[in-house]
Structures are given as C-alpha cells and as structure tokens.
Amino acid sequence: MWRTTKMRRRSTRNCSKGHRAYLDRKARGLPTDVNELHRSEQLYDQATAMMSREDWPGAKQVLDEAIKKNPDPLYVATLGWVVFNLDP
C-alpha cells in the first residue's frame, strides 16, 4: 500500500507543465477540452473583427458565447469595452 501512494506522489510531481495546467484548470472548474478552448479563441477573434467594424451588438453576442465556453479574463475585459461602447 505504501508503494502505490509513493508512486502516485512521484507521478504527480514529475508531470509536465501542460499536464499541471490541465489539472489546475480542472480543479478550478474551467474547461479542459482543447476543441472548446480553440472555439472560444475563434469567437474572440470574430468579436475583435466586429469591434473594428464598430458592430458592437454583434461583438457583444459573440463575446457572450465565448465567455460561456471559456471565462478568460481577457474576454470579460473586452466585453466590458463593448458594453461601454454600446452605451450612447
């Protein structure tokens, strides 16, 4: 029994940075699916393109969807800027 506990500790200690990041995101309840993270990045890029065209309502809608997939602080801050520009 002692041996399996020691082996578990060793395997956690020697895991890669990527695996540690995965475990950290999972422990905090954040998404860990690579496809979902990639989709949220695509949505963010789409929203920034809309912002450059000053399509604030469209950008807000797309950012809301991106934040549902991945609550990244950058996405939330950008949403704040969009909401600021929506106010007349």
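Contact here means heavy atoms within 4.5 Å. The model is predicted, so local features need pLDDT of at least 70 and side-chain atom pairs count only at pLDDT 80 or more, while totals for chains, interfaces and linings use all residues. Residues are numbered from 1 along each chain as its sequence is written, and side-chain values use heavy atoms, with hydrogens and water left out.

**Exercise 1. Surroundings of Ser40**

State where Ser40 lies, whether Ser40 is buried or exposed, and which residues Ser40 is in contact with beyond its neighbours within four places in sequence.

Solution. 
- Step 1: Ser40 belongs to helix 3; helices are DSSP runs of H or I with at least four residues, numbered from the N terminus.
- Step 2: the relative accessibility of Ser40 is 0%, which counts as buried (buried is under 20% relative accessible area, exposed over 50%, partly exposed in between, with a 1.4 Å probe and protein chains only).
- Step 3: leaving aside neighbours within four places in sequence, the contacts of Ser40 are Ala66, Lys69, Asn70 and Tyr75.

**Exercise 2. Aromatic pairs**

Find how many aromatic pairs the structure holds, and describe the pair of Tyr44 and Tyr75.

Solution. 
- Step 1: rings of Phe, Tyr and Trp (its six-membered ring) pair if their centres lie within 6.5 Å; planes under 30 degrees apart are stacked, over 60 edge-to-face, and the rest tilted.
- Step 2: there are two aromatic pairs.
- Step 3: Tyr44 and Tyr75 are stacked, at 5.0 Å centre to centre with 20° between the planes.
- Step 4: because Tyr44 is in helix 3 (residues 34-52) and Tyr75 in helix 5 (residues 73-86), this pair ties together parts 31 residues apart in sequence.
- Step 5: Tyr44 is buried at 16% relative accessibility, and Tyr75 is buried at 5%.
- Step 6: Trp81 and Phe84 have ring centres 5.5 Å apart and planes at 20°, so they are stacked.
- Step 7: Trp81 and Phe84 are three residues apart in helix 5, about one helical turn. Trp81 is partly exposed at 46%, whereas Phe84 is exposed at 56%.

**Exercise 3. The nonpolar core**

Determine how many residues the largest nonpolar core has and which element gives the most to this core.

Solution. 
- Step 1: a nonpolar core is a set of buried Ala, Val, Leu, Ile, Met, Phe, Trp, Tyr and Cys residues joined through side-chain atoms within 4.5 Å.
- Step 2: the largest nonpolar core has 14 residues, and those with the most contacts inside it are Met51, Ala59, Val62, Leu63, Tyr75 and Val82.
- Step 3: helix 3, helix 4 (56-69) and helix 5 each give two or more residues to this core. Helix 4 gives the most, six residues.
- Step 4: apart from neighbours within four places in sequence, Val82 is in contact with Met51, Trp56, Ala59, Lys60 and Leu63.
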